[in-house]
Amino acid sequence: MIVLAAAYFCTYSWLSVHRYHKLLLWSWDLGIFESLIANTLDGRFFQDYRGAFDHFDPALALYIPFYAIWRDARMLLLVQTAVIVIAVWPLYLLARETGGRVVFAAALGVAYLLHPLLGAGNLHDFHAVALSPLFFFSMLLFMVRGRWRWYWFFALMLLMIKETEAILLLGAG
């Protein structure tokens, strides 16, 4: 699992940065989010180049420390890929605790990392919803463990990603 996660990170980091260098971005989203994070660092909280941001995305603040280290859009692409990869760990643990077998948990982790829509989403510029799998899988893991404070922490973090993420809570119960 660790080897696959590292391979995913290296491959998709390279592909994301390569697409950036070749100007193969699909939309303006990377520029919008980068300007929002840069402006927040400069004291204009949650404003992009157009003014006040049009979504409820306070979880983007989690990217600010990384962006402060290297103020470049490529940093956002790299951290986004890392967040997607890190999400395999709570998914693996969740599968171990509910399915019981290492093989099942590993297969689920492999299916997650190799799913074509995950890769396509990773290469589609930069979006706050890349945090969703990490927070959702962590929330479910702590629900199964009966660790309710952590469950509610990750439920709240999920709601901080974007207003549309509330639908995931309905499915989780």
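**Notes on a helical model**

1. Let's start with Asp125, which is buried, with a relative accessible area of 1%. Here buried means under 20% relative accessible area, exposed over 50% and partly exposed in between, using a 1.4 Å probe and protein chains only. Asp125 sits in the loop between H7 and H8, and its phi is near 60°, a positive value in a residue other than glycine. Most residues other than glycine have a negative phi.

2. A word on ground rules. This is a predicted model, where local features need pLDDT of at least 70 and side-chain atom pairs count only at pLDDT 80 or more, while totals for chains, interfaces and linings use all residues. Residues are numbered from 1 along each chain as its sequence is written, and side-chain values use heavy atoms, with hydrogens and water left out.

3. Leu23 also has a positive phi, near 60°, in a residue other than glycine. Leu23 belongs to the loop between helix H1 (2–21) and H2. Helices here are DSSP runs of H or I with at least four residues, numbered from the N terminus. Is Leu23 buried or exposed? At 71% relative accessibility, Leu23 counts as exposed.

4. Tyr20 is in helix H1 and counts as partly exposed, at 25% relative accessibility. Which residues does Tyr20 touch, if those up to four places away in sequence are not counted? They are Leu25, Leu30, Asp72, Ala73, Arg74 and Leu77, where contact means heavy atoms within 4.5 Å. Gly109, in turn, is 89 residues from Tyr20 in sequence and 28 Å from it in space, C-alpha to C-alpha.

5. Next comes helix H2, residues 29–41. H2 has 13 residues and reaches 18 Å from its first C-alpha to its last, close to the 18 Å expected at 1.5 Å a residue; the expected span is 1.5 Å times one less than the number of residues. The buried residues of H2 are Leu30, Ile32, Phe33, Ser35, Leu36, Ile37, Ala38, Asn39 and Thr40. After H2 comes Gly43, whose phi is positive, near 95°.

6. On to the aromatic rings: the structure holds 14 aromatic pairs. Rings of Phe, Tyr and Trp (its six-membered ring) pair if their centres lie within 6.5 Å; planes under 30 degrees apart count as stacked, over 60 as edge-to-face and the rest as tilted. Phe33 and Phe126 make an edge-to-face pair, at 5.6 Å centre to centre with 75° between the planes. Phe33 is in helix H2 and Phe126 in the loop between helix H7 (116–123) and H8, so the pair ties together parts that are 93 residues apart in sequence. Phe33 counts as buried at 7% relative accessibility, and Phe126 is buried with a relative accessible area of 0%.

7. Trp89 and Tyr92 form a stacked pair, 5.8 Å centre to centre and 20° between the planes. Both lie in helix H5, three residues apart, about one turn of the helix. Trp89 counts as exposed at 53% relative accessibility, whereas Tyr92 is buried with a relative accessible area of 14%. Elsewhere, ring pairs link Phe135, Phe142, Trp150, Phe153 and Phe154 into a cluster.

8. How do H4 and H5 sit against each other? The axes of helix H4 (residues 73–86) and helix H5 (residues 88–99) come within 5 Å and cross at roughly 5°. Those axes are lines fitted to C-alpha atoms over the stretch in contact, with angles running from 0 to 180 degrees between N-to-C directions. That crossing makes H4 roughly parallel to H5, a label for angles under 35 degrees. Where they meet, Ile84, Val85 and Ile86 in H4 face Val88, Trp89 and Pro90 in H5. The residues of this contact divide into six nonpolar, no polar and no charged. Ala, Val, Leu, Ile, Met, Phe, Trp, Tyr, Cys and Pro count as nonpolar, Asp, Glu, Lys and Arg as charged, and the others, Gly among them, as polar.

9. Leu91 is another H5 residue to look at. Leu91 is buried, with a relative accessible area of 7%. Not counting residues up to four places away in sequence, Leu91 touches Leu108, Gly109, Tyr112 and Phe137. Leu91 and Ala73 are 18 residues apart in sequence and 28 Å apart in space, C-alpha to C-alpha.

10. Last stop: Ser132, in helix H8 (residues 132–145). Ser132 counts as buried at 8% relative accessibility. Its contacts, leaving aside neighbours within four places in sequence, are Leu158, Ile161 and Glu165.

Definitions and conventions: Helices (H or I, at least four residues) and strands (E, at least two) are DSSP runs, numbered from the N terminus. Angles under 35 degrees count as roughly parallel, over 145 as roughly antiparallel, 65 to 115 as roughly perpendicular and the rest as oblique.
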